[in-house]
Amino acid sequence: MTAGTPLDLILLPTWLVPVEPAGVVLEGHGLGIRDGRIALIAPRERLLQSPTRELRELTGMLLAPGLVNTHGHAAMSLLRGMADDLPLMTWLEQHIWPAERRWVDQAFVHDGTALAIAEQIKSGVSCFSDMYFYPQVVAELVEKTGVRAQITLPILDFPIPGAADSEAVLRDGLPLFEKLRGHPRLRMAFGPHAPYTVGDASLLRVRDLAREYGAGIQMHVHETADEVAAAVQAGGERPLSRLARLGLLGPHFQAVHMTQIDDSDIDLLRDSGTHVLHCPESNLKLASGFCPVEKLWQAGINIAVGTDGAASNNDLDLLGETRTAALLAKAVAGSATALNAHNALRMATLNGARALGMAEQTGSLEVGKAADLVAFDLSGLAQQPLYDPVSQLIYASGRDCVRHLWVAGEQLLDDGRLLRQDEQRLLANAHAWQARLAQQA
């Protein structure tokens with residue numbers, strides 16, 4: 001491309017927050033896109049002199065990197081509200097797992113994931129990670145809808161929907177790693193469920209395959225005090241220590257939840273470069289515990305944010321999740337200065353991209369990166385008066401202020417309207433599943 005090649009799109013927001021460098025808010029600046037990538041970030045006067053095929057004024061809006069939802073179970077959106085106000089193991093063993101055995105098939109995963117993708121796009125999420133069944137169905141939907149995603153193969157040491165055992169999952173799922181190698185928006189990873197559902201043999205197999213394919217590993221770890229206590233009683237070591245002994249921890253490992261953390265855990269996380277994926281609202285709703293976010297941050301551990309599934313949250317609103325994370329971090333640390341608004345936004349963007357191994361493509365607004373962007377409207381009554389746009393975004397705004405979203409330069413949301421999905425069809429499918437599941441219950 002020569003310097004005179006027209007840009008595809010110029011966006012001129014009131015505020016531009018690149019996330020990297022940290023803490024920066026640019027006013028009077030805009031962003032140019034060419035071939036799906038950020039080609040220029042400059043003062044608006046310079047951009048107005050640049051040839052372009054399209055120019056859009058985003059008056060009153062904050063332009064930021066698309067949000068990155070690092071952990072969820074997308075198809076479980078169809079189980080939203082089915083078994084609320086229960087502790088984790090009761091919720092899983094007596095309600096969720098039986099419902100999954102009865103209902104989850106390719107059609108369930110298709111319709112539930114499509115619903116989740118739409119909800120996330122309308123919530124400002126440009127990239128999500130999914131840990132659920134029938135990953136090939138999810139991959140097809142990611143391709144069709146234009147979002148960015150990490151999809152994990154579900155590994156458990158008992159039968160799951162679509163597979164009799166973990167070997168069957170690997171047999172059917174490993175071809176996806178080859179098929180999608182180098183895909184511009186989709187990355188495959190391994191998803192062993194939890195230390196209490198996956199034995200050493202399966203974990204060692206996952207470890208070796210992750211090394212072979214250069215893939216990430218995402219796993220629920222230290223979600224509850226009971227999980228940790230049971231592991232110590234049974235084997236004499238904490239689950240994270242066991243994972244370290246087996247060689248799973250490292251920059252490719254994504255530890256979800258981590259509500260039970262002592263100094264030895266912090267040492268393991270820091271020294272190995274393991275990422276922590278914080279899901280505060282699910283942890284609060286299931287009374288699982290509190291992740292010490294500020295302590296991890298100060299230790300130099302990369303910590304990102306995720307919603308978990310809609311069955312335990314009950315929404316996929318990452319902006320709301322980030323607000324909860326910021327407030328909870330202050331309460332847990334006993335300090336009002338813990339996890340400020342800019343750091344909270346970083347958790348929901350660049351830190352998430354780093355955890356998923358996608359930081360070279362997304363997570364910040366930098367020239368050369370993919371144009372994954374979200375525009376938040378801060379012109380409403382709820383955001384006035386506006387002294388600090390990032391503080392107002394984190395502490396005073398909700399996903400209703402999401403107006404536009406682009407992934408790799410392709411617009412997926414225009415003034416709150418989905419461009420690649422039929423919202424009425426999504427609603428009809430959700431209502432049909434509700435009728436079926438309610439009748440069975």
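Buried means under 20% relative accessible area. By that cut-off, Phe177 is buried, and Tyr213 is buried too. The structure here is a predicted model.

**Aromatic pairs**

Phe177 and Tyr213 also pair through their rings. Their ring centres lie 5.1 Å apart and the planes meet at 50°, so this pair is tilted. The pair joins distant parts of the chain. Phe177 belongs to helix α5, while Tyr213 belongs to helix α6 (residues 200-213). The two residues are 36 residues apart.

In total, the model has 6 aromatic pairs. One of them is formed by Trp97 and Phe158, and this pair is edge-to-face. It too links distant parts of the chain, 61 residues apart. Trp97 sits in helix α2 (residues 88-103). Phe158 sits in the loop between β8 (148-155) and α5 (166-179). Phe158 has a relative accessible area of 32%, so Phe158 is partly exposed.

| Pair | Centre to centre | Angle between planes | Class |
|---|---|---|---|
| Trp97 and Phe158 | 5.8 Å | 65° | edge-to-face |
| Phe177 and Tyr213 | 5.1 Å | 50° | tilted |

**A cluster and its arginines**

Trp103, Phe108 and Trp433 form one aromatic cluster. Two of its rings have an arginine over the face. Arg102 lies over Trp103, at 4.1 Å from the ring centre. Arg436 lies over Trp433, at 4.0 Å from the ring centre.

The chain is divided into two domains. Domain 1 covers 7-66 + 365-408, and domain 2 covers 67-356. Their centres, taken over C-alpha atoms, are separated by 29 Å. The contact between them takes 29 residues from domain 1 and 32 residues from domain 2.

The size of an interface is often given as the accessible area lost when the parts come together. Here the two domains bury about 2,200 Å² between them. Carbon and sulfur atoms account for 64% of it. Which residues of domain 1 lose the most area to domain 2? They are Ile394, Tyr395 and Arg399. Together they make up 32% of what the domain 1 side buries.

Charge pairs also cross this interface. The count between domain 1 and domain 2 is 4 salt bridges. Arg399 forms a salt bridge with Glu119. The closest N and O atoms of Arg399 and Glu119 are 2.9 Å apart.

Conventions: Residues are numbered from 1 along each chain as its sequence is written. This is a predicted model: local features need pLDDT of at least 70, side-chain atom pairs count only at pLDDT 80 or more; totals for chains, interfaces and linings use all residues. Side-chain values use heavy atoms; hydrogens and water are left out. Rings of Phe, Tyr and Trp (its six-membered ring) pair if their centres lie within 6.5 Å; planes under 30 degrees apart count as stacked, over 60 as edge-to-face and the rest as tilted. Helices (H or I, at least four residues) and strands (E, at least two) are DSSP runs, numbered from the N terminus. Buried means under 20% relative accessible area, exposed over 50%, partly exposed in between (1.4 Å probe, protein chains only). A charge sits over a ring if NZ of Lys or CZ of Arg is within 6 Å of the ring centre and within 35 degrees of the ring normal. Domain bounds come from an automatic or database domain assignment. Contact means heavy atoms within 4.5 Å. Buried area is the accessible area (1.4 Å probe) that two parts lose on being put together, summed over both. A salt bridge is a side-chain nitrogen of Lys or Arg within 4 Å of a carboxyl oxygen of Asp or Glu.
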